[in-house]
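Good morning, colleagues. Please keep the display in view as I speak.

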Amino acid sequence: MNKWDKIFESKPKYKPLNDIFFQKLLEKVKKEINPNLKNIIDLGCGTSRSVFQFARMGFDVVGVDFSEVALSALQNDIDDSDFNNIKLINQDLNDITLDLEADIFICVFTYTFINDKEKFLKKIKSSMKEDSVFVLITPVTHENVKYLEIDKPQIAVEYSSTVKLLKSVFSVVEDYHHDYIGAREDYVTFLVKK
Ligand SMILES: C[S@@+](CC[C@H](N)C(=O)[O-])C[C@H]1O[C@@H](n2cnc3c(N)ncnc32)[C@H](O)[C@@H]1O
């Protein structure tokens, strides 16, 4: 049982993605990159409702996580639903051995917890097609800001080094959106092309 299994035994409720935000992002991707978006991989899906949001939008969805507790709870919810376009895979994102293929790779509130970020990003890049996109949503900290524990800096990655690493791996890295929350929290959405 890993650390995340223990966390999921307490049935945490993480916030869903905002449908309006995601629809606007999709409109942009369809217009600028790929008009025929069919499938999406949610990297570090946990028990998130996002897989149902994507399925309701008509995507074929693959959720990837390494918490058996989360995957089994989510599979029960999928079995109880009418959706037949959601598949779950147990896979450690630190060492992805499977071939992943999708129009959209999305990683929400999980990137911080990946140990070898460069290896992870390179694997995503090599899995992407020329017209795939990688949507990375993560809390970030900034060098010149003093954080308190309530700001939860431990679930964030440092902003400028993250941009630098992304730019060293991918051809296009757009800082698409920031949610500035509370006193000092900043949740960034990067829109990345292979
Ligand atoms: C904060 S939760 C976010 C879950 C979901 N994306 C959401 O927004 O509700 C972080 C997720 O990352 C997963 N995770 C962390 N490290 C992982 C790894 N090395 N491989 C696969 N999943 C991992 C955890 O199991 C957990 O489901």
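Predicted model: local features only at pLDDT ≥ 70, side-chain atom pairs only at ≥ 80, totals over all residues.

Let me begin with the overall dimensions. A compact globule of 194 residues would have a radius of gyration near 16 Å, and the protein chain has 16 Å, so the two agree. Along the principal axes, the C-alpha atoms of the protein chain occupy a box of roughly 50 × 40 × 35 Å. Of the 194 residues, 30% are buried. As for contacts between residues at least 6 apart in sequence, 60% of them link residues at least 24 apart.

I turn to the secondary structure. The protein chain contains six helices and eight strands. In sequence order, they give the pattern α-α-β-α-β-α-β-β-α-β-β-α-β-β.

At the level of residues, Asn39 has Asp60 of S2 as its bridge partner.

S1 also pairs with strand S4, residues 104-108, again in the parallel sense, here over three bridges. In that pairing, Ile40 is opposite Ile104 of S4.

Next, the ligand. Which residues come nearest to the ligand? There are 18 residues around the ligand, and those that come nearest are Trp4, Tyr14, Gly44, Gly46 and Ser48. Sorted by class, this shell consists of 10 nonpolar, six polar and two charged residues.

The loop between strand S3, residues 86-90, and S4 contains Gln91. Why is Gln91 classed as partly exposed? Gln91 has 18 C-beta neighbours inside 10 Å, and because a residue needs 20 or more to be buried and 12 or fewer to be exposed, a count between those limits is called partly exposed. Leaving aside residues up to four places away in sequence, Gln91 touches Val64, Phe66, Ile96 and Leu98. Glu118, by contrast, is 27 residues from Gln91 in sequence, and their C-alpha atoms are 17 Å apart in space.

Lys11 has a positive phi of about 50°, although it is not a glycine. Lys11 is located in the loop between helix H1, residues 3-9, and helix H2, residues 19-32. Is Lys11 buried or exposed? Lys11 counts as exposed, because it has 9 C-beta neighbours inside 10 Å.

Phe109 is likewise not a glycine, and has a positive phi of about 55°. Phe109 belongs to the loop between S4 and helix H5, residues 117-127. With 18 other C-beta atoms within 10 Å, Phe109 is partly exposed.

Thank you for your attention.

Technical notes. Residues numbered from 1 in each chain as written. Near = placed C-beta within 6 Å. Nonpolar A, V, L, I, M, F, W, Y, C, P; charged D, E, K, R; others polar. Helix = DSSP H or I, 4+ residues; strand = E, 2+ residues; numbered from the N terminus. Rg over C-alpha atoms; globule rule 2.2 N^0.38 Å. Contact = placed C-beta atoms within 7 Å. Pairing = 2+ DSSP bridges.
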